[in-house]
Amino acid sequence: MARLIRPRRALSTNPLKSSAPLGAAMAYLGIEGAVPLLHGAQGCTAFAMVHMVRHFREAIPLQTTAMNEVSTILGGADQIEEAIANLKKKAAPKFIGIASTALTETSGDDIAGDLQDIRARRPDFDDVRLVYASTPDFEGALEDGWAKAVTAIVDALVPQAEPCRREVEQHQVNILPAAYLTPAEVEEIARLVRAFGLTPIMLPDLSTSLDGHLAEDWSGRSLGGTPLDIIPTMARSKATFAIGESMAEAATLLGDRGHMPVRVFPALTGLTAVDAFVSALMGLAGVTDAPAAIKRERARLQDAMLDAHFHTGGLRYAIAAEPDLAYALSTALESMGAEAVCCVTTSAANPIIDLIPADEATVGDLGDLEAGARAGGATLLIAHAHGRHVAAALGLPLLRAGFPINDRLGAQDACRVGYRGTRAFLFEVANAVLAQSHQPRPEAFGAAPISPEFEHDGPQIVPH
Amino acid sequence: MSGTLKRTVQDAFDEPACATNRAKSATARKAGCAKPLTPGAAAGGCAFDGAMITLQPIVDVAHLVHAPLACGGNSWDNRGSASSGSMLYKTGFTTDLTELDIVMGRGERKLYRAIGEIVEAHAPPAVFVYATCVTAMTGDDIVAVCKAAAQAFATPVIPVEVPGFAGSKNLGCKLAGEMMFRHVIGTREPAHTTDTDINIIGDYNLSGELWQVKPLLDRLGIRILGSLSADARYRQVAQMHRARVTMLVCSHALQGLARKLEETYDIPYFEGSFYGISDTSAALRSLCALLVKRGASADLLDRCEALIAEEEAKVRAALEPYRARVTGKRVLLYTGGHKTWSIVSALQELGVEVVGTSVRKATDNDKARVIQVMGTEAHMYENMAPRDMYATLKASGADILMSGARSQFVALKARTAWIDVNQEKHEPYAGYMGMVDLVRAIDRSVNNPMWAQLHRPAPWETTRPAAPGLGAAEGADGPGAPQANDCASGQDRLAPGEPADTANPADPADPASDFEDC
């Protein structure tokens, strides 16, 4: 399927990717009572925070170790310790998720070692869970930072179960959603799991922290997320499901901790993909039938596929997204007869790129999207909000997907997973096509226009 | 930090034209005006951010960020400076350094090639190259690379050596001005000059604010020859040395540049603001007076007075219909400092009550003016933690918060109207016409019927449940539900017995500092 292309050039024009520490911070925000802490200069945090504030339209409690040139040379351990102490004083977080940046990784800080020392010397930090992930900006993108943070959370907070005396919660299942899944999508996945009488534990859970709700008080921490005391019990779940290939490593680690089966669902968009997930849920629940509501949702998706295929069949589109999201949307569209004439993605780390239904997948920027869409004759663009420049340049509609979506409201409510979400996605694509109203003209077919002598002399009627 | 950068920083802080700096002792002056950042309690941008704020609005320049992804990738296309021409400044260029580039020391070569690729694809009048923490640390000599590239590609390539960890956003703004003085200003001669050519420094044409003022200048025959950097072309920076007068728009950060222009090229400068009616008039007066002093025809003063009289009468008439709608509304002003007081006095004229203002970046002079405008110093805030601000607003301490975007959600979550008055704002509020836009925005926001609905108790919170069997037939405004207006008056927002939330500790993030102009 897709051949991975890495353009040999020095310049990135209109970057597609957001940085890995930002992804880690976003994952940390899906934990109860959390404050993410970026270990770097204060600008690293300010930019990431502005990015998230604009996307979610929420206050984002993100903090920095405020490295300066002296602490960069001498090592940042003291800065981390001081930051934790200050955070405890001011926001009393239950969880501090630390992520490194290009600055501290280039200077070579041994943050894991520093943290160990800090814990040993500061017993007053015992009441806050400290988790650290190494996420230099120069390696990978948002998706990778998110995945590394979740792996770090599992590593730090889920205990190793004893293989022989393992207690299993028969109805409990771990779900590790990838970075691209919106709060509404996380909620939809949880709803599907519950429909089969199973209890999902979502890690992380943005559906309760960044879903956009009006709280009764100001906390200075995440407004919801996976409850901290539930995370250790994930070792007793019956199975671990990763949603998105980027979560495979975290899922494998979690499976090892609890000696439980692990399955990676690379996507939950498209009938086949959702069917696979539902079959797995049925197997886990030990049932051979599905609830009526789910059956009805599937039948409605089938109906939507019939209605939408007139508009998706033969559709040529260009997509720029992180690997997991690009895979999810493009496979769903491929199954509806659409063709990805250009695929640009952010990080070569995810093996799912090989399976993206396009000739090539370029690790590139929005400049590549513009060139590829133009060359391939695309009529629809799929990208995050910055794709609007390409859309304007090419005069094409833009379907906004990914991060950031800072020029529209409701990014957290977009749901393109499950039977219902797929149905909504197909309508979204078909409507984008339908919105380009096209008036046929004789010239377009090579016919001569009608002779002016036949035209009435009066005022022209405005075409509608 | 390299020796040269260190000296540049020291110089930037020791600003003889700065009142705050002059008031300090020699040692305090040497220490500079940067406050050390507190880990875990810092907010706001870095020096690189500041440099970008100052320079990125130059619209036809290619701004190339030499860094791993985050510096450019997380920040491009995020400001509202408007352009009347080239859109190249909105394109995010970065060398996107990878681990291999850094480990193998390939940064300089990659930068050189990237400059070449930009010149080939876009042929800009200049390329600005921004150093960042990582490339400063790996020791990339961007000055040398820029010099070589400028020769090889026959295009000015300007090094902006302002890595983020050098300090705050404010320092970055200062240094950006210094870089322009060193490398750009004076490198081109204008095709012709007039005796009413001016420089405007420190305005960024956010949402087109410059254009709310430009019609006034147009009518007076005043030409904006040099600009840093509202709707600026590269040439307008390069030929700044030929202007007659510099207007420094409410910016302490770029004072050093204005002073250097005066010392080196004999261009006098004054500080002024285009926010509010009285300040706009004062700025026009100062501008014309200085121009006449420098040789412009003396009738400029009369034309200026006539214009002011006409425009002030027009704006007062335009504001009058809003008086009844905004009178008695209480505003909490939380911005970087001094630029909004003229707005305050205009709002007070309309009966708006200003219940407090921040004086975080204000000098003593500024504070004296607050007292003059507000009548008392009781309502000056040095710094307000988000949690305290939330508590104040929730306890109905104000009807409207006017601030930067960082505290937007503090206000909204406290169910209080919010007006954006910093650089992210989507509406321009400058000049006379901008004042009308601002009052319209206040009216539209604070008088929105949404607030009444928002404060309605939920069905399960009403004290008297509806009689059994009635249910929905009773209607939403039945006897069981209090009138919506009961809780929208601003007096009753706290339920009885619910304490105002003031006891909680402060929040780490300083709400205002991230989004301000420097």
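In the predicted model, 56 residues of chain A are in contact with 58 residues of chain B, contact being defined as C-beta atoms, placed from the backbone, within 7 Å of each other. The side of chain A that touches chain B draws at least two residues from each of strand 2 (12-13), helix 1 (20-28), helix 2 (42-56), strand 4 (63-64), helix 3 (69-74), helix 4 (77-91) and helix 5 (102-107) of chain A. Helices (H or I, at least four residues) and strands (E, at least two) are DSSP runs numbered from the N terminus. Helix 4 of chain A supplies the largest share of this side, 9 residues. By residue class, the side comprises 26 nonpolar, 20 polar and 10 charged residues; Ala, Val, Leu, Ile, Met, Phe, Trp, Tyr, Cys and Pro count as nonpolar, Asp, Glu, Lys and Arg as charged, and the others, Gly among them, as polar.

Strand 2 of chain A pairs with strand 2 (residues 93-94) of chain B in the antiparallel sense over 2 bridges, where pairing requires at least two DSSP bridges between the strands. Thr13(A) has Phe93(B), in strand 2 of chain B, as its bridge partner.

Chain A contains 16 helices and 15 strands. Of its 464 residues, 59% are buried, that is, have 20 or more other C-beta atoms, placed from the backbone, within 10 Å of their own. Among contacts in chain A between residues at least 6 apart in sequence, 72% join residues at least 24 apart.

Residues are numbered from 1 along each chain as its sequence is written, and chains are lettered from A in the order in which they are written. Because the model is predicted, local features need pLDDT of at least 70 and side-chain atom pairs count only at pLDDT 80 or more, while totals for chains, interfaces and linings use all residues.

Methods: Two residues are in contact if their C-beta atoms, placed from the backbone, lie within 7 Å. A residue is buried if 20 or more other C-beta atoms lie within 10 Å of its own, exposed if 12 or fewer, and partly exposed in between; C-beta atoms are placed from the backbone.
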